[in-house]
Structure formats: structure tokens, C-alpha cells
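Opening the notebook on how the two copies sit together.

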2 protein chains.
Amino acid sequence: MIGRLNHVAIAVPDIEAAAAIYRDGFGATVSAPRGLPEHGVTVVFVDLPNTRVELMQPLGEASPIAKFLERNPGGGLHHLCYEVEDILAARDRLAAAGARVLGSGEPRIGAHGKPVLFLHPKDFAGTLVELEEA
Amino acid sequence: MIGRLNHVAIAVPDIEAAAAIYRDGFGATVSAPRGLPEHGVTVVFVDLPNTRVELMQPLGEASPIAKFLERNPGGGLHHLCYEVEDILAARDRLAAAGARVLGSGEPRIGAHGKPVLFLHPKDFAGTLVELEEA
């Protein structure tokens with residue numbers, strides 16, 4: 001049921017500095033910063049041969065990553081996003097296995113224009129997990 | 001220069017419980033637990049179509065992940081491992097860009113039998129980064 005690792009998200013206090021590490025230190029292809037006001041973040045995509053790293057900096061007053069950066073001022077690994085074929089079937093199977101879905105439990109449209117859900121980190125060994133319908 | 005994301009490592013307090021989440025909740029293929037006393041961890045590999053999640057539980061008295069779990073008793077995202085073709089060239093380029101290499105600065109043989117190095121999280125937006133020669 002679980003599909004590709006779509007991305008690893010890293011919350012950063014300074015997205016230009018974080019992008020420069022990947023561009024200059026690693027020689028990676030990094031996108032220009034893109035503001036996603038409806039998601040409260042500015043993102044930079046770092047392309048790897050098999051997946052993507054997403055650097056996220058808070059955008060606006062009520063950014064969902066603001067509290068994480070208060071606890072981790074230097075930044076840190078924020079979440080993993082797994083692809084699933086059928087997000088409602090995946091949600092129901094995970095819920096039956098005891099996992100809690102965050103928010104209303106209904107998918108919303110994520111940063112890539114596809115339905116997403118977030119799962120409670122306490123049910124995934126401390127890891128915030130995003131599901132994205134592939 | 002940067003290659004594939006070889007794996008995402010998650011430190012967990014109870015590897016059987018963490019493996020069960022991926023096996024039963026996600027329908028993922030998970031390996032049997034494997035003790036790596038020379039690395040101070042027991043690992044379970046979770047195979048995804050494009051990369052691997054490695055669940056790690058402390059093994060022995062001086063596990064390198066013991067302190068992380070003291071700070072994060074429920075577990076959490078521990079490090080990312082990127083593949084590089086030439087680990088010494090990668091190290092030197094990263095050092096020239098200002099990144100600090102942990103330990104002696106010389107590669108050692110990692111859990112997959114290949115040369116690895118770890119980079120200081122403060123130089124990677126709070127993310128502990130492992131380099132593995134592909």
C-alpha cells in the first residue's frame with residue numbers, strides 16, 4: 001500500500017542559507033523560493049535522483065511550522081511524505097491499525113495540488129507523516 | 001555531486017512496535033530486526049519503491065542514539081543519508097563550503113559495508129547528514 005517517499009521536509013529559519021548549502025556544498029539542483037501563503041510556508045525544492053528534499057521557511061503570521069522552529073531554532077527534520085494510491089483507503093487502514101489522523105480527518109489539497117492528510121507523530125515513532133495521493 | 005537519498009533513519013524506543021506500524025498500517029515490506037553491535041543499534045529496514053526507511057533502536061551501553069532518545073523518548077527523525085560517488089571529494093567540497101565533518105574527518109565503514117561520514121547538523125539546517133559512498 002505504501003508508495004514512494006515523495007519528499008522529506010526540513011523546516012529552516014533562513015531558506016536562502018539552507019538552499020545555498022545544498023546548491024554550493026552538494027552541487028544539487030535547487031529551485032527558486034516559492035511562497036505558498038495558503039500553506040504558511042515559503043519552499044525550496046532540492047532535486048535528488050530518487051526523491052526530493054523540501055526546505056520550508058515560515059510565511060505569514062500563523063505558519064504551521066512556527067512552533068517547530070521555536071523549539072528548534074536552527075531548523076530540523078519536520079516530516080516525511082509518503083505517496084499512496086487511494087488516500088481514503090490508506091486513511092481507513094491506518095485508522096484501523098490505531099493511527100490518528102490530524103485535523104478533520106478529511107483530505108485537503110496540499111502544496112502539490114493533490115489530496116493530502118497528516119498523521120499523528122505519536123503513532124509513527126515521533127515522525128510527522130504526510131500522505132499524498134499519487 | 002549529491003546522489004540518491006539512500007535512507008531516512010528514525011530512532012525508535014521500541015523497534016517491534018515501530019516495525020508493526022509500517023507492516024500492518026502501511027502494508028510495507030519490513031525486514032527482521034538485525035543487531036549491529038559495532039554500530040550500537042538494532043535496525044529494521046522498511047523498503048519503499050524509491051528509497052528505504054531505517055528504524056533504529058539502541059543496542060548496548062554506548063549507543064550513539066541513546067542521547068537522542070533521552071531528548072525524544074517517543075522517537076523521531078534522526079538523520080538523512082545521501083549517496084556520493086567519491087566520499088573524499090564530497091567531504092572536501094563540503095568543508096570548503098563551511099560544513100564541519102564529525103569525528104576524525106576520515107570515513108569509516110558504515111552499516112552497509114561502505115565508507116561513510118557524518119556532517120554537523122548545525123551546518124545543515126539542524127539535520128544530521130550521513131554521506132555514503134555509492
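I looked up the buried area first: chain B and chain A bury about 3,200 Å² between them, with 68% of it on carbon and sulfur atoms. Here buried area is the accessible area (1.4 Å probe) that two parts lose on being put together, summed over both.

Ground rules: this is a predicted model, where local features need pLDDT of at least 70 and side-chain atom pairs count only at pLDDT 80 or more, while totals for chains, interfaces and linings use all residues. Side-chain values use heavy atoms, without hydrogens and water, residues are numbered from 1 along each chain as its sequence is written, and chains are lettered from A in the order in which they are written.

Next I checked which elements supply the chain B side. β1 (2-11), α1 (15-25), β6 (76-84), α3 (87-96) and β9 (128-133) of chain B each supply at least two residues of the side that touches chain A; helices (H or I, at least four residues) and strands (E, at least two) are DSSP runs, numbered from the N terminus. β1(B) gives the most, with seven residues.

How many residues does each chain bring to the contact (heavy atoms within 4.5 Å)? It takes 42 from chain B and 42 from chain A. 100% of the interface residues of chain B are also interface residues in chain A, so the copies meet through the same surface.

Notes:
Contact means heavy atoms within 4.5 Å.
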